[in-house]
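Hi everyone, thanks for coming.

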Amino acid sequence: MTHETSKKYRLGPAQRSVNQLYAALTRLRLGTSHRHLLTVTGRRSGLPRTTPVDVMDHDGVLWLVAPYGEVNWVKNLRQAGVAELCRGRRVRTFDAEEVGPELAAPVIRQYIAHVPVTRAYWGVSSEGTIDELRTEARTHPVFRLTAC
């Protein structure tokens with residue numbers, strides 16, 4: 001089942017507050033176990049930038065999915081190629097490789113099913129066809145994470 005339109009992500013004061021709350025909870029290891037803090041070097045500033053993200057474990061591999069499309073953390077990660085993930089006191093460093101629609105589609109299906117708060121940003125449901133999920137992958141980047 002596809003949606004005609006999907007919601008556009010806007011990082012305003014309300015969303016910044018939600019992100020700060022999620023970040024604080026994640027630092028305390030509260031909330032869903034797939035929520036982490038992603039830190040990537042800013043492509044313009046060169047400074048570390050941190051945002052809460054949901055990491056999927058699909059077939060024993062860790063994946064980062066961009067439910068809001070090509071936001072700043074995606075652009076920074078593309079340039080840096082390396083990221084830190086933190087949950088509580090545990091910090092791990094990963095190489096990140098953006099994958100194409102073929103590999104991304106099943107991960108997107110899992111993500112939509114497990115992270116309901118982002119469903120409005122997708123043009124497909126988790127029950128969508130593989131072709132619909134591949135189409136979504138063109139506007140929602142997916143990265144395979146490999147431990148450094």
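**A walk through the model**

Let's begin with N76, which you will find in helix 2, residues 72-80. Keep in mind that what you see is a predicted model. Is N76 buried or exposed? Its relative accessibility is 6%, and buried means under 20%, so N76 counts as buried. Leaving aside residues up to four places away in sequence, N76 touches V40, T41, G42, R43 and R49.

Now for the aromatic rings. A pair of aromatic rings is described by the distance of the centres and the angle of the planes. How many aromatic pairs does the count come to? The count is three. One of them is formed by W73 and F143, a tilted pair with 6.2 Å from centre to centre and 50 degrees between the planes. This pair links distant parts of the chain, since W73 sits in helix 2 and F143 in strand 6, residues 142-147, 70 residues apart. W73 and F143 are both buried.

Next, please find Y111 and W122. Their ring centres are 6.2 Å apart and their planes stand at 55 degrees, so this pair is tilted. Here too the pair links distant parts of the chain: Y111 belongs to helix 3, residues 101-114, while W122 is in the loop between helix 3 and helix 4 (130-137), 11 residues apart. Y111 and W122 are both buried.

Helix 3 and helix 4 pack with their axes 8 Å apart, at an angle of about 100 degrees, and that makes helix 3 roughly perpendicular to helix 4. On the helix 3 side, the residues that meet helix 4 are P101, E102, A104, A105, I108, R109 and I112. Their counterparts in helix 4 are I130, L133, R134, E136 and A137. Sorted by class, this contact has eight nonpolar, no polar and four charged residues.

Last stop: the strands. Why is strand 3, residues 61-65, largely enclosed by the rest of the structure? Because four of its five residues are buried. Strand 3 runs antiparallel to strand 2, residues 48-58, and four bridges join them. Strand 2 and strand 3 form a hairpin with two residues between them, and D59 in the turn has a positive phi of about 55 degrees. Strand 3 also pairs with strand 6, again in the antiparallel sense, over four bridges. There, V65 has V142 in strand 6 as its bridge partner.

Key. Residues are numbered from 1 along each chain as its sequence is written. This is a predicted model: local features need pLDDT of at least 70, side-chain atom pairs count only at pLDDT 80 or more; totals for chains, interfaces and linings use all residues. Side-chain values use heavy atoms; hydrogens and water are left out. Buried means under 20% relative accessible area, exposed over 50%, partly exposed in between (1.4 Å probe, protein chains only). Contact means heavy atoms within 4.5 Å. Rings of Phe, Tyr and Trp (its six-membered ring) pair if their centres lie within 6.5 Å; planes under 30 degrees apart count as stacked, over 60 as edge-to-face and the rest as tilted. Axes are lines fitted to C-alpha atoms, for helices over the stretch in contact, and angles run from 0 to 180 degrees between N-to-C directions. Angles under 35 degrees count as roughly parallel, over 145 as roughly antiparallel, 65 to 115 as roughly perpendicular and the rest as oblique. Ala, Val, Leu, Ile, Met, Phe, Trp, Tyr, Cys and Pro count as nonpolar, Asp, Glu, Lys and Arg as charged, and the others, Gly among them, as polar. Two strands pair if DSSP finds at least two bridges between them.
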